[in-house]
Amino acid sequence: MVSLVGQLVLSLENGYKVWEDPSFIKWRKRDPHVTLNCHDSVEGSLKFWYERSKVDYVVANSAVWNDDAVRGALDSAAFWVKGLPFVKSLSGHWKFFLAPSPDSVPNFYDSAFLDSEWETLPVPSNWQMHGFDRPIYTNVVYPFPLDPPSVPVDNPTCCYRTYFNIPKEWKGRRILLHFEAVDSAFCAWVNGVPVGYSQDSRLPAEFEITDYCYPCDSDSKNVLAVQVFRWSDGSYLEDQDHWWLSGIHRDVLLLAKPQVFIADYFFKSNLAENFSYADIQVEVKIDNSHETSKDTVLANYIIEAALYDTGSWYNCDGYADLLSSNVANIKLNPSTASLGFHGYVLVGRIEKPRLWSAEQPNLYTLVVILKDASGNVVDCESCLVGMRQVSKAHKQLLVNGHPVIIRGVNRHEHHPRVGKTNIESCMVKDLVIMKQNNINAVRNSHYPQHPRWYELCNLFGMYMIDEANIETHGFDLSRHLKHPTSEPIWAAAMLDRVIGMVERDKNHACIICWSLGNEAGYGPNHSALAGWVRGRDFSRLVHYEGGGSRTSSTDIVCPMYMRVWDILKIAKDPTETRPLILCEYSHAMGNSNGSLHEYWEAIDSTFGLQGGFIWDWVDQGLLKDSADGIKHWAYGGDFGDIPNDLNFCLNGIMWPDRTPHPAVHEVKYLYQPIKVSLENGTLKITNAQFFETTQGLEFSWAANGDGCELGTGVLSLPLIEPQSSFDIGWKSGPWYSIWDSSFAEEFFLTISVKLLQSTHWVEAGHIISSTQVQLPAKREIIPHVIKTTDTTFLGEIIGDTIKVSRQNFWEIKLNAQTGIIESWKVEGVTVMNKGILPCFWRAPTDNDKGGDARSYLSKWKAAHIDSLLYITENCSMQNMTDSLVKIAVGFIAVPGGEKGSLAQLEKSNALFKIDMIYTIYGSGDVIVECNVKPNSSSLPPLPRVGLEFHLDKSMDKINWYGKGPFECYPDRKAAAHVGVYEQKVDDMHVPYIVPGECSGRADVRWVTFQSKDGSGIYASIYGSSLPMQMSASYYTTAELDRATHNKDLIKGDDIEVHLDHKHMGLGGDDSWSPTVHDQYLIPAVPYSFSIRLSPITQATSGHDIYKSQLQN
């Protein structure tokens, strides 16, 4: 009968396409349940978790992101079932055939089918990551015509075959075939018999195959055949912003269970009001399909559970006595079963429980035991559990009674080599980096993730929003189709996905919210989903952003990309009783995350704001071979995928190989648990944690004056309780005597906090917080001037060249017609070979491009700021003596025509008039005074206002005094400390996958560019000019604008340097509209500024030259 029904359901002969019927989502699929481990004893359960919980930061060191990841995925699949005698992984290399459509599939499921000519494919994997078919990246639009529930006739369909034997030790047991996840829909056969069909690309599908397998003692191999459809009606519910990748991308398992077995269990802990004890309840479902009634089970079996303190296992030096860690025995209590629940309820109590939180991830091991009437263990299941309470208060989400702040990030499952397939060390790497950068929460965007991910989040301490695999974003583009949430025919499929998520993941302590999906509109189906979740699990909150983030189907106001001023309005709305947590914010596309600090200034100071999740964790670039054989990160369209959304998949604060973007420093700083501020002469040190004191932390201080370190030491503080502060009068600190005796113009104090003990996620000594504050100046800051001397030099005019030099030291040649420096030599070495010109343009960032006609880039191009040519109006010698030359140069900036030619030269078309005065002293100092005047009142905000010049490529050693050491910009510099730093020009470049403006350093007071022999040039602010934005690169602005991939960049023949008086912010509230906050825009108004340039040699330093211009 099963065979007959299966052929009817899965056959193409009758024209019925099961993969295009949204009302038919599964067949013969077992009910969803927690991950089963099929232990044979309590001791085996505890030993399994003892080994499995040892994971720490060392594992992250073996994370692989290249071709070795293919082997790594197979090794991980084997590792995850190690120590489970009744679980077998079928991972490995399976026979594989890709048909162009379902009607091209051969009769491959027949046991006698010959597959020897087929290729092989590793399982788990996505077939597109192994050269079959192609990856497709889209954000909103579906990669096929929007015609639900139909999918294209050209529907790549993969046929898999593998072989297995049932171990002899499994004799007499029931065999379950468990697929952890398959994209997008599939049907399976065992020995030619259809055993099931399933949809949902991110949740398990399990089928009982006991009756279709050969006996354990048979010499015949069982044949498993699986047919996977790339597209199905389920694809309409899976329109997430990521790569469309197909196949069996998580493991396939065989589970062996006794005839009567533990099928599911739900751990619940009800904490006392003062958290002094917890009442425990465990709901257990027994599969007794071979028995006659529930009463028969109780007559023949004993159901019990026990709780073991996992935290005590690793405190001993030798072998841990795992059984002695028992802290609670949980017994059957039939009277507590709720109406309609057909399982069994166990109850118990634990005194003084160690609570779970992201700060203190205390865990217990729950073991559920099924015994026969004689007391012999028949079946055993176990998992890690945590005692914690998630609740609501007015405008607050509470964990264990405290309004924890969500310092979160969104995370897709993404690996640059194996796609959606998971690797143990790579998941650990993600968590290690998150924790090391003070991230305490993750949103599983936008689907349930690998089961091991949840275990690791439990162990490492990470709050989680678990999200259902539902997104229908592409329906927003349709004018005639309703979102599935408003269509009854989709209700069952949507509910099935939510139920499957909750039932699989319900015992994980890390999950504090269930999410109904993402960007799927809002309608009655969502109301049903929310109702089911609230009825099933009242211990967590419900989250859903769709419908405006404030519907009745969410317990949290959870907007995405809402501006700071708007979240403040909601927080202050007296009618809104829910907390606001941004489900997505600070869109990290390329050089982004500007104004992140403004969000956190609001969150840290406003009741009702409780944090958010940055979008997102990692650039979703895929490894691709270039024509030269070198691998690079590819994005949408690079595989010939149509339609595509180009590089909109590159929104991470990490590169695909988990190298952090510079913005991660800003995230770590704003998320840091110890805050330091200086106000009204008081240094306030705040412990922003909710559960941890400052015990186990060491505070230290460092003082520097004008960039030089003046003193360091350990800062002795009393214990600071959670959510408490300690104040120090800054004059009573150990640094005061240094400040008092220092002649520095600027004095900065840095307070750093490090861990004294190692944790799961980092070694002892890791800096968790570091804050720099500027102490008051000892004296009034007077504008900088140089101390002039009567040093003489040679000045002469030779044709069109003004030559000024001092014998054997320096020489400057300036074109008398253009006013541009053609050459500057120091000790005979060419330092500058082109300059100095004004500059208003930058290579557009992704955020600059966002907004179509409203974008900054569109406005810049409309105003021709991208094509300015600088025409010299005048160049005249104002003064010339033996020790001083003054040259005045006037430029107009006019729009360039095609290929850089002049479109029009009339002054009336000039966008800017720039007057520059060079004052050259005998010392070699050059003071450049620059006055910029826009000629139009209709110009848009400018990318930059500054100077550009080109240095010889040998000037590759940069020292600067300013913010650093990492890339920073006016609206993303809170984490950067003022100091003196050194880097090579090559190392300054930030290799964003799509090039654009990068490598800048903010608030630079002085900078030197030197060759390996020490010859070079010095530049600094001068007079009353503000600190500069500085960048230096072998890649010109034009080249950064031209290249579409970092790999395409071609180095120039020299170093392009920018010293900006003003530089526009990066923005990042989102990347599809102009988002730079007003205070970081540069209005097109007059500007005046000065810089000082000086020759420098090995014998001098930037610090000494800078100090020489300070007035005492």
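Buried means under 20% relative accessible area, exposed over 50% and partly exposed in between, with a 1.4 Å probe on protein chains only. This is a predicted model, where local features need pLDDT of at least 70, side-chain atom pairs count only at pLDDT 80 or more, and totals for chains, interfaces and linings use all residues. Residues are numbered from 1 along each chain as its sequence is written, and side-chain values use heavy atoms, without hydrogens or water.

**View 1. Helix α6, residues 424-436.** Helices (H or I, at least four residues) and strands (E, at least two) are DSSP runs, numbered from the N terminus. The 13 residues of α6 should span 18 Å at 1.5 Å a residue, and its end C-alpha atoms are 18 Å apart, which agrees. The expected span is 1.5 Å times one less than the number of residues. After α6 comes N438, with a positive phi near 70°.

**View 2. Surroundings of α6.** Of its 13 residues, 11 are buried. Among them are C426, M427, L431 and I433. The buried residues pack against α3, α4, β23, β24 and α7; contact means heavy atoms within 4.5 Å.

**View 3. The second largest pocket.** A pocket is an open set of points on a 1 Å grid over the protein atoms alone, with protein on both sides within 12 Å along at least five of seven lines; lining residues have an atom within 4 Å of a point. Its space is about 1100 Å³, the volume filled by probe spheres set on the points, which are joined across faces, edges and corners. W600, E601, D604, Y669 and K675 lie nearest the centre, among 47 lining residues. β32 supplies the largest share, 5 residues.

Notes:
On a 1 Å grid over the protein atoms alone, a cavity is a set of points where a 1.4 Å probe fits but cannot get out, and a pocket is an open set with protein on both sides within 12 Å along at least five of seven lines; lining residues have an atom within 4 Å of a point.
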